[in-house]
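Could you walk me through this model in the viewer, one selection at a time? I would like to know what to click on next and what I will find there.

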Amino acid sequence: MSDPTRRTVLRGLAAVPVAAAAAGCSTTESDHRPSFASAPPAGKRPLPIPPLAKSTVTDDGTRRFDLDIRAGTTQIVAGVTTPTWGYSGAILGPTLRAKHGETVAVRVRNSLGEVTSVHWHGMHLPAIFDGGPHQPIMPGGTWTPTWTVKQPAATLWYHPHAHGTTQRHAFRGLAGLFIIDDDDPVSRELPHDYGVDDVPLIVQDKKFTPNGNLDERDDPSAGLLGSTVTTNGIADTYLNVTTERVRLRVLNGSTVRFYNLGFDDDSEFEMIACDGGLLEAPARLRRLRLTPGERAEIIVTMRPGLTRVLRAYPFEDDNGIQRSQPAANFGLADTFDIVLLRAANTLKPRPAPPTALAHIPPIDTNGAATRTFLFGQVSINGATMDMQRIDVQTVVDTPEIWAVTNGVNGVHNFHVHDTRFRVIDIDGQAPPPELAGWKDTVNVRPFSTVRLAVRFSDYTDARWPYMYHCHLMYHEDYGMMGQFLVLRPGEKPDSVIGQGGGGPHHEHGAPPR
Ligand code: C2O
Ligand code: CU
Ligand code: CU
């Protein structure tokens, strides 16, 4: 294992030069600049591509990454300098990449003046390395979680999760992608040239004060709902496309905003993966809904010279919001241009995705007990988050049905740490194809019930809990979160939960209406 060539990242090409990637130049396939029918669109900037994180593989085979959480400034809007936070940069963070079976370690340093944490959203890992509210990183401190990647290829992400400050920290810019690769031959048949035909797309919304700072004041019913949409950290972007097909790894990294995505020419696209990995088969869609925390990988087919806008459309059905509360309050009536795709005059061939992508086993709920979760305005089963209360005790490798009901006329979704679940049904109906794969976050519309097949494996811990919560960070910070332990059969919880002291606390004002 001490072969020196293993010490450097090969997969990473550690820095795809951002400008080159955004300009569509690929030295691997062409040494000339692609030509375009017209000049770049006025007022738009090339989509920035988050760099791939550098890593080193040490003698024990562990892939090691470093992240430094720090403050900086970003021109989110061209010409306006805005103070932002980022991981090893001014905003967002590098894309971490590791392979199924690999052991990773991430040394995270907190160079901010306040406590934060880093949660690995979608990752199956021991609770003590989960990065939730029980793993605060003090100012000037470091934290080095380590785990073995035991899940198939997927687009995961990382973001802050300290108790009561998640929304503000994420809104300031803290978020990054964590891509898992595996040896499944299907991966090679899908576009996989990072930043060229395999493009990360972190979609967020921001709002500003008149002097160009981020406006961190909550709207009383919706939290931080911005009117400026950003892609990979900045507003008004375009992506030069040089291949017949391009794969977009879309993350709704917004704090509360829902998106109903589609193209301006109403063309179909193929969704190939959801939160936890590949779907069984590509799903042909014209619209795709993503709630905060959800991911989708889509394949867009382009023609030479074509431009096409990925747009967020109003929710035709108000996402089920009933009339007493205008859906516009939750941003469900808004339209935004997300990113303009601009195809070169000649495109390199890329085959259609395979018609069979993954084997998604049928859901087996035989003998599984049901737990119920009822949402209030910001509560789950009538309670709000208590760092010293365990809400749910599960037993490792025991399948359960989680029946999640939104009991109020408001927007919520549901996220479970550590695992990938399956949607059994939504109000008794089988899920649509885009929700039929492995999920970790799901929309729960007003007055509807989503039943999930949930199971936790490999890791047990009687002291350190995982979280489940609404991923609208405004709600999460107000306590719409619970804690669960994964125990061995017959094991009892420790008398001390997490750090015991409850960690740093954050006092809230009045809860949302
Ligand atoms: Cu993406 Cu508990 O979070
Ligand atoms: Cu998570
Ligand atoms: Cu919610």
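Start by selecting Phe447, which sits in the loop between E29 and strand E30 (449–454). This is a predicted model, so treat each stop as a feature of a prediction. Check the backbone torsions here: Phe447 is not a glycine, yet its phi is positive, about 60 degrees. As background, most residues other than glycine have a negative phi. With a relative accessibility of 43%, Phe447 counts as partly exposed.

Now move to Asp427, in the loop between E28 and strand E29 (441–444). Asp427 also is a residue other than glycine with a positive phi, near 50 degrees. Its relative accessibility is 46%, so Asp427 counts as partly exposed.

**Asp418**

Next, select Asp418 in the loop between E27 and strand E28 (422–426). To see the surroundings, display Met123, His124, Leu125, Phe456, Tyr459 and Tyr466, which are in contact with Asp418 when its neighbours within four places in sequence are left aside.

**The copper ions**

Select the copper ion (ligand 3) and show its donors. His412 (ND1), Cys470 (SG) and His475 (ND1) coordinate this ion at 2.0 to 2.1 Å. Along the sequence, these donor residues follow the spacing H-x57-C-x4-H. His412 belongs to strand E27 and His475 to helix H4 (residues 473–477), a pair that links parts of the chain 63 residues apart. His412 has 1% relative accessibility and therefore counts as buried. His475, at 7%, counts as buried too.

Then go to the copper ion (ligand 2). Which residues coordinate the copper ion (ligand 2)? They are His119 and His415, each through NE2, at 1.9 Å. Colour the strands and you will see distant parts of the chain linked here: His119 lies in strand E7 (residues 119–121) and His415 in strand E27 (residues 412–416), 296 residues apart.

**The annotated spans**

Zoom out and colour residues 71–183 and 370–487, where an unreviewed UniProt entry places the feature "domain: Plastocyanin-like". Residues 71–183 are 5% helix and 37% strand, and the end C-alpha atoms of this span lie 37 Å apart. For residues 370–487 the figures are 4% helix and 41% strand, with the end C-alpha atoms 18 Å apart.

**Thr243**

For the last stop, select Thr243 in strand E15 (residues 237–243). Thr243 has a relative accessible area of 0%, so this residue is buried. Where does its side chain point for a polar partner? A polar atom of the Thr243 side chain lies 2.8 Å from the backbone oxygen of Arg245. Not counting residues up to four places away in sequence, Thr243 touches Asp197, Met302, Leu347, Lys348 and Arg350. Display these residues together with Thr243 to finish the tour.

Terms used:
Residues are numbered from 1 along each chain as its sequence is written. Chains are lettered from A and ligands numbered from 1 in the order in which they are written. This is a predicted model: local features need pLDDT of at least 70, side-chain atom pairs count only at pLDDT 80 or more; totals for chains, interfaces and linings use all residues. Side-chain values use heavy atoms; hydrogens and water are left out. Donors are N, O and S atoms within 2.8 Å of the metal (3.2 Å for Na, K and Ca); water is not among the atoms, so sites may look incomplete. Helices (H or I, at least four residues) and strands (E, at least two) are DSSP runs, numbered from the N terminus. Contact means heavy atoms within 4.5 Å. Buried means under 20% relative accessible area, exposed over 50%, partly exposed in between (1.4 Å probe, protein chains only). UniProt positions are given in the numbering used here, feature names are shortened, and annotations may be inferred rather than shown by experiment. A polar contact is a pair of N or O atoms within 3.5 Å; within protein, one must be able to donate a hydrogen and the other to accept it, and residues adjacent in sequence count only if both atoms are side-chain atoms.
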